Amino acid sequence: MEWLWITVATCVLVSCTVKGSDWWLEYEEGIRHYSKEALSKEFPEKTRPVNFKHPVFQCPDMSPSPSVPSSVEFVKAADIKVIAALGDSLTTGIGANATTVLGIPIEFRHVSWSIGGYGSVQDVITLANIIKLFNPNLVGAASGRTIHGMQAHISATGFNLAVTGHNTFNLPGQTRHLIDTLRDYEDVNFEEDWKLLTILIGMNDICDYCKDKALYSVDNFVHYMTVSLEMLMNEVPRMIVNVVQILPMQALREVQKPTPGCLLQRSFCSCLIDPVAKSPELQELVEVNLEFQKRLEELLYRDRFFKDDFAVVLQPFLKHADPPRLPSGKIDMTFFTHDCFHFTIKGHEELAKGLWNNMFQPEGGKMIVSSFSDPIGLICPPVEHPYIFTRPTVAKSGQRPLQSAAPSDAAIVLLSLLVGLRSPWTCVALTLLSYLSP
């Protein structure tokens, strides 16, 4: 570990960073305050032992439909041929199985909650691994690790096209990348295969809100989400989109208390962490967080993004989620990476189970987690309705959906080009490559 510290220190001193990479700059600022001992300290309780195994998960009906369904209302888990994910560092799996603080820039995409494809459900519970039980030939699950800022091959990422550090204004660019990738990928029948996409984004907007309240406004959050969903609906046939409700983030302020060394949390989310308790700044941020949730519900609890072969479904299981706690009431730090902000594999698994369960619960009857202190149990698709619930209540009742102006084609094209670029940071990458060795 001595050589590793020396190499990282040298890189920092010569400013070997990615120009324009805010995430990397924030990480660099955070580790600058750590001692040599703190940087090299290992935390085995935050990693997953190789020999760990979950119980087998079986359901009464795990078969596909007799023929490929044409309606989005009658798609079973086994009918899903392609899986994909968009979002930020929570979906890239940043630091999820890192042994030290220096491993935080590693993106453990293969264990990411919504699309990780490492091993099987017995090795790690992810949405992709659950669906692989129903369809072993699922395409798109992430199979490898990547390093933030370095170009990665699709053989490692699969269709996990999330980008660490991205905000919602980056989502149209991610969406365009996904659409083009799906069209060109030889193992995907773009017109016929049923595709499942999961999107979770917006937490970085809240973390950055105080830096630019106009750019990270609720209106912009809804706008860029709308643009992205319109692109998908207009261009991708046979797709179900899970949009996961964002977390209530105030409780993350507590995550730093049991471990005073969690300096990276302040770097990644200063707008949330820096304000003093009960301050007007903190209260404003809490209200903005709630408004994000409310406006997302207003956008998706209607049939705007619903047609015969396409549906967007808001999955609300995170809406009131409190961090996992020990019997003493303190935060269970084994669920959080060394930066006290992102989830370890244990946290990713709870997200995966919550998402899977929501998919097979009707609107109005979806589980909303109050606390992750109690592990979520996986459910099987109901025998009476073995399909992913996609039809919105407003479509059932025949109510007219709320009207809002759709963005023009020109606006969609323009926004899809506004993608944040990341240049390779070679020096630090060489340091971290050791983590990718067998």
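**View 1. The largest nonpolar core of the predicted model.** This core holds 116 residues, and L229, L232, V241 and M249 have the most contacts inside it. A nonpolar core is a set of buried Ala, Val, Leu, Ile, Met, Phe, Trp, Tyr and Cys residues joined through side-chain atoms within 4.5 Å; buried means under 20% relative accessible area, with a 1.4 Å probe and protein chains only. Helix α9 gives the most to this core, nine residues. A second, separate core has seven residues, including F108, V111, V124 and I345.

**View 2. Surroundings of L229.** Leaving out residues up to four places away in sequence, L229 touches I199, V241, V243, L300, F305, F310 and V312. Contact means heavy atoms within 4.5 Å.

**View 3. Helix α12, residues 280–300.** Helices are DSSP runs of H or I with at least four residues, and strands are E runs of at least two, numbered from the N terminus. Among the buried residues of α12 are L282, N289, F292, E297 and L300. The buried residues of α12 pack against α8 (203–207), α9 (218–235), β5 (239–244), α11 (270–273) and β7 (310–315).

**View 4. Confidence along the chain.** The mean pLDDT (the predictor's confidence in each residue, from 0 to 100) is 86, and 84% of residues reach 70 or more. Over residues 1–20 the pLDDT is below 50, and this stretch has 33 contacts beyond near neighbours in sequence. Where pLDDT is low, the predicted coordinates should not be read in detail.

**Notes.** Residues are numbered from 1 along each chain as its sequence is written, and side-chain values use heavy atoms, without hydrogens and water. In this predicted model, local features need pLDDT of at least 70 and side-chain atom pairs count only at pLDDT 80 or more, while totals for chains, interfaces and linings use all residues.

Note on methods: Buried < 20%, exposed > 50% of the residue type's maximum accessible area, 1.4 Å probe, protein only.
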